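Here is a short briefing on one protein chain. Look at the sequence and the fold before reading the notes.

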Amino acid sequence: MKMTSDVKNIHMRTVDCEGWRKGMHHFFVNSDQIGEKEIRITGSDVNHIRNVLRICPGEQISISDKDAVTYRCEVTQVAEETVIAKILWCQEADTELPSKIALFQGLPKADKMELIIQKAVELGVSEIVPMATKRAVVKLDAKKAQTKLGRWNAIAESAAKQAKRAVIPPVKPVMSFDEAVDYAKTFDQKFIPYELARGMDATRQAFGAVRPGESVAILIGPEGGFDEQEVMLAQGGGALPVTLGRRILRTETAGMTVLSVLMYLLEGKTA
């Protein structure tokens, strides 16, 4: 386990932390905010703690850092720009899946991307890659894409807090489909749900072959689905076409279906 030297003397617990996480507010900090005995929370979380949650000194919260260490803390001070919390104990987080699963999502219409990000983070995704595909109705210029990206990452952070995740899955900048396929090549397993793929037995076999520790890329098309040339390009990059059943799923449903199945198969396993 990777830990900063400042907290090496803090008591590490190995017991299941599910009980104390329930109902407890959860926050994220950078490693430089963690001291020997206390953690300093700054930024927008301070206003949320003070004026929305109205957390007072003496109340307990949980905090995670980028090394996926979770801290049980007691708030000792709530100031205008800083919240200070005393570290009670810490442990390695047990909320992450044993495999890194990335959702490559074709840009959907309206606000569907926000829902997709929220639910994907709740289901354990490691990162989300928005893709500009041929049949996508949404076309984002550089300025709009940057604005959307900030909003999307804020949604990912909020969902990670709600789900008590140990990390905040990043939403990557929008990629062209060619760029996305090249990036997906770096993953161990690659799946592209496609209505012309062969039967469910093959899908079950493919998903069941994913092992803890492997990285997985899921490529999901927009409302109009993938163009045949895009499917061929993805296959050339090592992606395996799979079917999700005899019914046509909406773009916001397809990715969640795959994530749910993989979460079920991988949850609790060790690499």
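Exposed means over 50% relative accessible area, buried means under 20%, and partly exposed lies in between (1.4 Å probe, protein chains only). This is a predicted model: local features need pLDDT of at least 70, side-chain atom pairs count only at pLDDT 80 or more, and totals for chains, interfaces and linings use all residues. Residues are numbered from 1 along each chain as its sequence is written, and side-chain values use heavy atoms, with hydrogens and water left out.

- Helix 6 spans residues 200-208, and its buried residues are Ala202, Thr203, Ala206 and Phe207.
- These residues cover an arc of only 125 degrees around the axis, so they sit on the same side of helix 6. The arc is taken from the directions that run from the helix axis to the C-beta atoms.
- An α-helix has 3.6 residues a turn, so residues three or four places apart point the same way.
- Strand 9, strand 11 (240-242) and helix 8 pack against the buried residues of helix 6. Helices (H or I, at least four residues) and strands (E, at least two) are DSSP runs, numbered from the N terminus.

**Helix 7**

- Which residues of helix 7 (residues 228-236) are buried? They are Glu230, Val231 and Ala234.
- The buried residues of helix 7 fall within an arc of 100 degrees, seen down the axis, so they line one face of the helix.
- Glu228, Gln229, Met232 and Gly236 are exposed, on the face of helix 7 turned away from its buried side.
- The cover over the buried residues of helix 7 includes helix 5 (177-184), strand 9 (189-193) and strand 10 (215-220).
- Asp227 caps the N-terminal end of helix 7. A side-chain oxygen of Asp227 lies 2.8 Å from the backbone nitrogen of Gln229.
- Just after helix 7 comes Gly238, with a positive phi of about 100 degrees.

**Helix 3 against helix 4**

- Two packed helices are described by the angle between their axes and the distance between the axes.
- For helix 3 (residues 112-122) and helix 4 (residues 142-162), the angle is about 35 degrees and the axes are 8 Å apart. Axes are lines fitted to C-alpha atoms, for helices over the stretch in contact, and angles run from 0 to 180 degrees between N-to-C directions.
- The crossing of helix 3 and helix 4 is right-handed. In a right-handed crossing the near helix is turned clockwise from the far one by less than a right angle; anticlockwise makes it left-handed.
- Helix 3 makes the contact with Met113, Glu114, Ile117, Gln118, Val121 and Glu122. Helix 4 brings Arg151, Trp152, Ile155, Ala156, Ala159, Ala160 and Gln162. Contact means heavy atoms within 4.5 Å.
- By class, this contact has eight nonpolar, two polar and three charged residues. Ala, Val, Leu, Ile, Met, Phe, Trp, Tyr, Cys and Pro count as nonpolar, Asp, Glu, Lys and Arg as charged, and the others, Gly among them, as polar.
- Ile117 of helix 3 is buried, at 0% relative accessible area.
- Leaving aside neighbours within four places in sequence, Ile117 touches Ile128, Trp152, Ile155, Ala156 and Val171.
- Ile117 and Ala159 are 42 residues apart along the chain, yet their C-alpha atoms are separated by 8.3 Å.

**Thr251**

- Thr251 belongs to helix 8 (residues 251-266).
- Is Thr251 buried or exposed? Thr251 is buried, with a relative accessible area of 5%.
- Its side chain makes a polar contact with the side chain of Gln105 (2.7 Å). A polar contact is a pair of N or O atoms within 3.5 Å; within protein, one must be able to donate a hydrogen and the other to accept it, and residues adjacent in sequence count only if both atoms are side-chain atoms.
- A polar atom of the Thr251 side chain also lies 2.6 Å from the backbone oxygen of Gly221.

**Positive phi in two loops**

- Ala110 has a phi near 55 degrees, a positive value in a residue other than glycine. Ala110 lies in the loop between strand 6 (100-106) and helix 3, and is exposed at 65%.
- Lys164 has a phi near 60 degrees, also positive in a residue other than glycine. Lys164 sits in the loop between helix 4 and strand 8 (175-176), and is buried at 17%.
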